[in-house]
Amino acid sequence: MFEGFTQAYADTTRRFGGTGLGLSISRVLVEKLGGVLKVESEVGRGSTFSFTLTLPKAEAPRAKTEDVLDNGSLIGRRILLAEDNEINRDVARLMLEEWQVQVDEAPDGLIAVEMHAANAYDVILMDIQMPNMNGLEATARIRQHPDSQRAQVPILALTANAFRADNELYLAAGMNDCLAKPFEEDALYQKLVNLVASAAQHTRSYDLTSLRELARGKQAFVDKIIRSFLRNIPETVQDLRLAAGDGNWVRVAELVHHIKPNLVQLGVEGVDEAVKQLEQARHGIGASETRLAAVGHLTTRLDRVVQELPTELSSEGA
C-alpha cells in the first residue's frame, strides 16, 4: 500500500486520478522525522492513516533588534557566495552588505573553487545543488588546497533540505555548519559570527589537550604516541583512498574503525561526522558521492595533521 505507483484496482487512476505516490511520499516524510505511518482499513468502510512524532518545542519568537543583527563582528570580512540562483544571490548579498561584508559571487561550484584558489576568504557560503560542480565536490576540492590555512576556510552549507540526516552528510563532507533555505537574517548573521570566531580559535588540525592530560606531564609518552601516529597513519590514508576508489566500502569502514581511537587520542579536529558516515558504509548507508566526499575530507585532514604534528615532538623525540 505504501509503495509508489501502486493501486488497489487497475482502473483507479482512470476513474479518480492520481498516480499512487501520495502514501509513498507521506511514509518517507514521516520516517525522515522519526515516525511510522500506520493504517487501519476495512473494505466498504474506509481507511484511517495515523502517525506520532516527537518534535522539539519551538522557541518563542524574539524581537529583532539592531544589536542582535549587527554587533560589528563582520565588518570588513570577505565572503564567497556560491549559489546558482540569481535571486537567492541578490537576497544574500543584500543582507551581507548591510553588515559591511565584501561579497564575491560564484554561480557554480567550479567557479567557486577557482575563486577560492585565487583569493583568501573568511567564510564560504556553499549551495549544495549547483551546475558543473555541486557543493560537496567543491568543498572536497577546497579542503585539498596546498595552503593549510586556506584549505580550512569555514564553509556554511546552504541547503533546501532541513533534515538532520542531510546535515550530517554535509558535515561529513567537510562543511562546518548548515543553514536551511530560505533563512532568516539573524540566523545567517549568527552562523557567520560563530564560524569566524571558531576559525580564529583553531589554527591547527588537532588538539593534544586530552593526550597531555593522560600523559600526566610525561613528554616521552606524548612523543611515543605522536611517533606511532606519524609512522602508521600515512599508509592507512593511502589504503583508504585506494579502497574508496575501488568502491570497497567494507574495507573503508574497517580502516576507519581501526584508526578511530588514534583520532580521539590526537584530538583530530572536524572529522567526527566523516568517521560516523564511513563506519556506516559497510551497511550500504549513504550515497557513493557522499562517501567519497567524506573520504576526501578525512584523508586530507589526516595529511595535514601528519604535516603539523612533528613540531609537537621534544628534541629527544624529534
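**Helices, strands and cores in a predicted model**

Trainee: Which elements cover the buried residues of helix H5?
Mentor: This is a predicted model, so we are reading computed positions throughout. Helix H5 spans residues 109-118, and its buried residues are Gly109, Ala112, Val113, Met115 and His116. Seen down the axis of H5, these fall within an arc of 165 degrees, so they line one face of the helix. The cover over them includes strand S3 (78-82), strand S4 (102-106), strand S5 (123-127), helix H6 (135-143) and helix H7 (148-151).

Trainee: At the start of H5, which backbone nitrogen does a side-chain oxygen of Asp108 reach?
Mentor: Look at the start of H5, where you will find Asp108. One of its side-chain oxygens comes to within 3.0 Å of a backbone nitrogen, and that nitrogen belongs to Leu110.

Trainee: How many of the residues of H6 are buried?
Mentor: Let's go through them by name: Gly135, Leu136, Ala138, Thr139, Ala140, Ile142 and Arg143 are buried in H6. Their cover includes H5, S5, H7, S6, helix H8 (164-172) and H14. H6 is largely enclosed by the rest of the structure, because the buried count is seven of the nine.

Trainee: At the start of H6, which residue has a side-chain oxygen that reaches to the backbone nitrogen of Leu136?
Mentor: Leu136 is itself one of the buried residues of H6. Its backbone nitrogen has a side-chain oxygen within 3.1 Å, and the residue that supplies this oxygen is Asn134.

Trainee: Which residue in S7 is the bridge partner of Thr159?
Mentor: Start on the S5 side, where S5 and S6 pair in the parallel sense over four bridges, and Leu125 stands opposite Leu156. Strand S7 (residues 177-180) also runs parallel to S6, and four bridges join them. Within S7, Thr159 has as its partner Ala180.

Trainee: The whole structure has one aromatic pair; how far apart are the centres of its rings?
Mentor: The rings belong to Trp99 and Tyr189, and their planes stand at 70 degrees, so the pair is edge-to-face. Trp99 lies in the loop between helix H4 (86-98) and S4, and Tyr189 in helix H9 (residues 185-201), so the pair ties together parts that are 90 residues apart in sequence. Trp99 is buried at 2% relative accessibility, and Tyr189 is buried at 1%. The distance between the ring centres is 4.8 Å.

Trainee: Which residue makes a polar contact with the side chain of Asp104?
Mentor: Asp104 sits in strand S4 and is buried, with a relative accessible area of 14%. Setting aside neighbours within four places in sequence, it is in contact with Arg78, Ile79, Leu80, Leu81, Met115 and Tyr121. The polar contact joins two side chains at 2.8 Å, and the partner is Tyr121.

Trainee: Which element gives the largest share of the largest nonpolar core?
Mentor: That core has 35 residues, and those with the most contacts inside it include Phe229, Val252 and Leu309. Two or more residues each come from helix H10 (209-215), helix H11 (219-245), helix H12 (249-266), helix H13 (272-279) and helix H14 (288-308). A second, separate core of 23 residues includes Tyr121, Met126, Leu136 and Ala173.

Trainee: How far apart in space are Val295 and Leu240?
Mentor: Val295 is in helix H14 and is buried, with a relative accessible area of 5%. Not counting residues up to four places away in sequence, it touches Leu240, Ala244, Trp249, Val252 and Leu278. Val295 and Leu240 are 55 residues apart in sequence, and their C-alpha to C-alpha distance is 7.3 Å.

Trainee: What share of the residues of the chain count as buried?
Mentor: Let's step back to the chain, which holds 14 helices and seven strands. Among contacts with a separation of 6 or more, residues 24 or more positions apart account for 64%. Of the 318 residues, the share that counts as buried is 41%.

Conventions
Residues numbered from 1 in each chain as written. Predicted model: local features only at pLDDT ≥ 70, side-chain atom pairs only at ≥ 80, totals over all residues. Heavy atoms only, no water. Buried < 20%, exposed > 50% of the residue type's maximum accessible area, 1.4 Å probe, protein only. Arc of directions from axis to C-beta. Contact = heavy atoms within 4.5 Å. Polar contact = N/O pair within 3.5 Å; in protein donor to acceptor, adjacent residues only side chain to side chain. Pairing = 2+ DSSP bridges. Phe/Tyr/Trp six-rings, centres within 6.5 Å; stacked < 30°, edge-to-face > 60°. Core = buried A, V, L, I, M, F, W, Y, C linked by side-chain atoms within 4.5 Å.
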